[in-house]
Amino acid sequence: MRRVPVVLSAVACLLFAAVLASRIAPAADVQEVLIGELLPLTGNFASLGQQYLWAGQTVEDIVNNDYPDLAVPLGPGKGFPGLGGATMKLVVRDDQSRGDLARTLAEQLITVNKVHWLNGEGTSGNTSIIQPVVEGFGIPMSCHPCASPTLTEKGLQWFWRTGPNDKTMVASVFAFLREWRERGGPSDLKTIALFTCDNLFCQDNRKIAAELAPKSGFEVVLDLTTKTGATTLASEVQRLQAAKPDVLFLVQYPPETSIFQGDAKRAGWMPKVIATSNGAYSDQTWLEAQKKTNGGAGWLGRDPTAIDLVHDRPSWKKVNEIYKKYSRGQNMGELAMREITGMLWMADTINRAKSVEPAALAKAAGETNMGPEQLIIDYKGVRFDKTHQNELASGVVTQVGWDGEKHTIWPWDLARRANFKVLYPSPGWQERDSKPKPAN
Amino acid sequence: MTLLLQAVVNGLEMGFLYALVAVGLTIIWGLMEMINFAHGEFLMLGMFGAWWLSVTFGLDPLVSLVPVGLAMYALGVLIYQQLMRRVQRGDPFTQIFATIGLLFLLQNSAVAVFTSDYRYLSNTVLTRLSGSSLRLLGVSLGVPLLIGALLALGLFLALYLLIDRTEFGLALQATAEDREAAMLVGIRPQHMFAVAWGLGAALVAVAGAILSNFFAVFPQVGLSFTVLAYAIVALGGFGSILGTLLAALVVGVVQSVTTVYLPPAFKDAFVFASYILIGLLRPQGLFGRF
């Protein structure tokens, strides 16, 4: 019987040594770098999740295969050279757009699948739910398209974001409206109505807009929050119509945006300017559908990149070709571009760390200083502030033209390059109906 | 006053469409007392069917509602025969879990086949009429929704006549009321249940085909309507076709009027508050019987 404690101690020592060995394994031993991809592939946010999955598969393809002429991190060569050629492997999990499930799956990815980095969840609300889990386990995590400012304002040690947050992007819209007035734009834009959905993303946008509107010379005449999943918005449109705002600041998801369009058309109402922030404006399928009706003409909104100018970049074209292998031929939208940019930064960080040790990865992330030439998006680069927010991520303002495409209208230097005349006032419904449709 | 009147009219127009969505549930849940959580997924399939027939063969949803309705009738019968007939013998919870499973199966199959992209119909008879309206006493009636509402009303009346004025309808009601007694007079309950499932699925799919003119088509679209449909059936009285129509109009008007005067967050709260209120005064619903 006296042998039992000895045997148990020996086993414990062996286990401890094994765990220790696994944590400090030399770089050359890593065959695969496991990236947990926790995404809303089904449920309410599935259309976002699938774009993020395609983006992740694109980055996995770029890292694991040799693209000698592709001027993005880890484009040339196979695998991670810093890790002896180890490959990247995505471990994909679907949280069905549910925060509770996302939390459980995050735990499983870390403890069962032993991922080295967790990327996700793609929506700010569910990301904020899994952040404490990941923080507790102490592994790096990122969500690049998540735009809620709160995600990087909690003082978290293990969370990074390369994409701009809503403060940056909503501020772009109001900067445009303010400066436009000063640069000979319409001087009669004085009132604004906020029309937003009820989740974290929409409400963050609403709060920022409510703060910035008076500072930009606008009186907020109506502030309406609607339920996500509404079946009609006719009464809301009635109230908007009665409030007569010059500018409508609309943040809604694609289904609600199309309901709004139907109800506004029925009521014959169109404000002078429709300004948006993400939501339907970032959804490629919504944009494509507008080409059949001219429904999007004149809508303006923030984007993380000058999407009309970025097409000229050779690296964008090549990455887009790879993306289309996974997206059933669909071009990258700006959400996919944000995600790919972020995941390529993550791959670069892992490569520079020459290790999958969390501390080494965090150190490499902190030392990031990427120039714009390595990116497929118009950020000024990637460099993190003390909250782990990319301080070089920037926003632009675009407007949908009669061709159904987005054109950059702010900042002014990019607008000059885009050479697009701002559509003002927002065309009425009859004009939209009578003009030729780009898709027909 | 015009604001209120406009809100009432808007609510009535939507109410007719809600009625068509809910009436299939009235038959399956209200009349046959079988729970179907996949009701919204039948609506989604109807919307996808109309969208697919439109982009593939150029069929207008007003035409494709016929093949969509027939296909969904067959699917409804199949689901009853292969799934619900078996679980019908068990505990009500078995039915609940079976239809929840069906919900996920249908929704995720749609994701696999069509992806989660939002689809829109733009070149249909009703979308081409969008923006056209009739003015009456200062109130605007949107023509596309009005046509949708009239179609819904027509289908509703046809169903009412079928259920209340034909031998088949009486047999359906008899089966719901007392299965053994119905068997004694030569009615085959399993046949009646299968027809009820077929009718329920077909009706909500037809509603879906009409709604595809007004709403984005995507795999999760059914959920918002399912919750309302359950409230409408309970409010109208289980198994009452006319009750469903009236309750749907009430729900449409309550939603619309509430939003004109209160924050939109109260929209659905007031719908369910009216259900609670009517439940307190008439627990069997507006037209239900104990």
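This is a guided tour of a predicted model, given as a series of selections.

Residues are numbered from 1 along each chain as its sequence is written, while chains are lettered from A and ligands numbered from 1 in the order in which they are written. Because the model is predicted, local features need pLDDT of at least 70 and side-chain atom pairs count only at pLDDT 80 or more, whereas totals for chains, interfaces and linings use all residues.

**Stop 1: the domains of chain A**

Select residues 24–164 and 310–374 of chain A for domain 1, then 167–303 and 401–434 for domain 2. These bounds come from an automatic or database domain assignment. The centres of the two domains, taken over C-alpha atoms, are 31 Å apart. Where they meet, 14 residues of domain 1 of chain A are in contact with 12 residues of domain 2 of chain A; contact requires C-beta atoms, placed from the backbone, to lie within 7 Å.

On the domain 1 side, select helix H4 (124–137) and helix H12 (334–353) of chain A, each of which supplies at least two residues. Helices (H or I, at least four residues) and strands (E, at least two) are DSSP runs, numbered from the N terminus. H4(A) gives the most to this side, with three residues. The residues of this side of domain 1 of chain A comprise four nonpolar, nine polar and one charged. In this classification, Ala, Val, Leu, Ile, Met, Phe, Trp, Tyr, Cys and Pro count as nonpolar, Asp, Glu, Lys and Arg as charged, and the others, Gly among them, as polar.

**Stop 2: Thr168(A)**

Select Thr168(A), which is placed in helix H5 (residues 166–182) of chain A. Thr168(A) counts as buried because it has 20 C-beta neighbours inside 10 Å. The cut-offs are 20 or more other C-beta atoms within 10 Å for buried, 12 or fewer for exposed, and partly exposed in between, with C-beta atoms placed from the backbone.

**Stop 3: loops of chain A**

Most residues other than glycine have a negative phi, and most peptide bonds are trans. Select Trp410(A) and Pro411(A): the peptide bond from the former to the latter is cis, with omega near 0°. Pro411(A) belongs to the loop between strand E12 (406–410) and helix H14 (412–418) of chain A. Next, Tyr424(A) and Pro425(A) are joined by a cis peptide bond with omega about -10°, and Pro425(A) is in the loop between H14 and H15 of chain A.

Move to Asn294(A), not a glycine, yet with a positive phi of about 60°. Asn294(A) sits in the loop between H9 and strand E10 (300–303) of chain A, and counts as buried because it has 23 C-beta neighbours inside 10 Å. Lys354(A) likewise is not a glycine and has a positive phi, of about 55°. Its loop runs between H12 and helix H13 (358–366) of chain A. With 18 C-beta neighbours inside 10 Å, Lys354(A) counts as partly exposed.

**Stop 4: the contact of chains A and B**

Display both chains: 36 residues from chain A and 38 residues from chain B form the contact. Among the elements of chain A that each supply at least two residues to its side are helix H2 (46–64), strand E7 (219–226) and helix H8 (254–267). H8(A) provides the largest share of this side, eight residues. The side of chain A that touches chain B divides into 11 nonpolar, 16 polar and nine charged residues.

**Stop 5: the largest nonpolar core**

A nonpolar core is a set of buried Ala, Val, Leu, Ile, Met, Phe, Trp, Tyr and Cys residues joined through C-beta atoms within 7 Å. The largest one has 222 residues, and those with the most contacts inside it are Leu17(B), Leu20(B), Ala196(B), Ala205(B) and Ile232(B). Helix H9 (residues 189–211) of chain B contributes the largest share of this core, 16 residues. Both domain 1 and domain 2 of chain A give residues to this core, so it lies between them.

Centre on Leu20(B), which touches Ala152(B), Leu155(B), Phe156(B), Leu203(B) and Ala207(B), not counting residues up to four places away in sequence.

Notes:
Two residues are in contact if their C-beta atoms, placed from the backbone, lie within 7 Å.
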